[in-house]
Amino acid sequence: MALPKLQVALDNNTIPSAIKSIKALGDIVDIIEVGTILCLAEGSEAIKVMRALYPDKIILADTKCADAGKTVAQNCRDAGANWMTVICSASIETMIAANNVVEELQVELYGDWTFEQAALWYQSNIKQVVYHQSRDALLSGKTWDDSDLEKIKRLIEMGFRVSVTGGLDVNTIKLFKGLDVEAFIAGRSLRDAEDSKQAAIGFKQEIQRVFS
């Protein structure tokens, strides 16, 4: 089992703010996510900036695309993104169209989705999913529980590479021990930390401790 990667979600509102965040984190994290908020606020220019700053990193455009998969994917790829996301409610045709353009596509699991749908994604050569605790769910008091872990386990057993996100901090990593997690995605717990660099180092050290 490979060590899970660490991904930072840049859900900043402006490119200058995102640059300030990534300067402390970019050399430590494995994946740089141009978050949905940043994509909406600044468009493909934000992807271009992150690619210019970190030419050797995986750059993910978190577009949560729901339609026009080929066009959105081409725009993301032209701007320098390796990966992009689609929302789980998108049609399979939209997903396939996007998957044919970018290096890898991730399906974002929000709301109502089924394992029958997931099987169709996998059969269509889509091999990554992101399992969420949404920001709104977390604000309402929801936390990670056994039902989440069972779903993640089942997705992994289906063959998916599963990334997890939602209220993660260094103390939650141990909850996923024994699961072949692709990446842990953290946003505010890295960006808003008093010492962002040290927070990222702490995440990486805890991943090493739990999964080695």
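Here are some notes on a predicted model, for someone looking at the structure for the first time.

1. Start with the barrel. Eight strands form a closed barrel in the order β1-β2-β3-β4-β5-β6-β7-β8, and their pairing is parallel. On average, neighbouring strands of this sheet are turned by 25° against each other, ignoring direction.

2. Next, a pair of helices. Helix α6 covers residues 115–123 and helix α8 covers residues 146–158; they pack at an angle of about 30°, and their axes are 11 Å apart. Angles under 35 degrees count as roughly parallel, so α6 is roughly parallel to α8. The crossing of α6 past α8 is right-handed.

3. Which residues in α6 and α8 meet? From α6 come Phe115, Ala118, Ala119 and Tyr122, and from α8 come Lys151, Arg154, Leu155 and Met158. By type, the residues of this contact between α6 and α8 divide into six nonpolar, two charged and no polar.

4. Now a look at a loop. Asp112 sits in the loop between β5 and α6. Is Asp112 buried or exposed? Its relative accessible area is 78%, and exposed means over 50%, so Asp112 is exposed. Leaving aside residues up to four places away in sequence, Asp112 touches Cys88 and Gln117. Ser89 is worth checking too: Asp112 and Ser89 are 23 residues apart in sequence, with their C-alpha atoms 8.2 Å apart in space.

5. Finally, go back to the strands and find Ser163, which lies in β7 (residues 161–165). Ser163 has a relative accessible area of 0%. Buried means under 20%, so Ser163 counts as buried. What does Ser163 touch, not counting residues up to four places away in sequence? Its contacts are Gln106, Gln128, Val129, Val130, Tyr131, Glu182, Ala183 and Ile185.

Key. Residues numbered from 1 in each chain as written. Predicted model: local features only at pLDDT ≥ 70, side-chain atom pairs only at ≥ 80, totals over all residues. Heavy atoms only, no water. Axes fitted to C-alpha atoms, helices over the stretch in contact; angles between N-to-C directions. Helix = DSSP H or I, 4+ residues; strand = E, 2+ residues; numbered from the N terminus. Parallel < 35°, antiparallel > 145°, perpendicular 65-115°, else oblique. Left-handed = near helix turned anticlockwise from the far one by under 90°. Contact = heavy atoms within 4.5 Å. Nonpolar A, V, L, I, M, F, W, Y, C, P; charged D, E, K, R; others polar. Pairing = 2+ DSSP bridges. Buried < 20%, exposed > 50% of the residue type's maximum accessible area, 1.4 Å probe, protein only.
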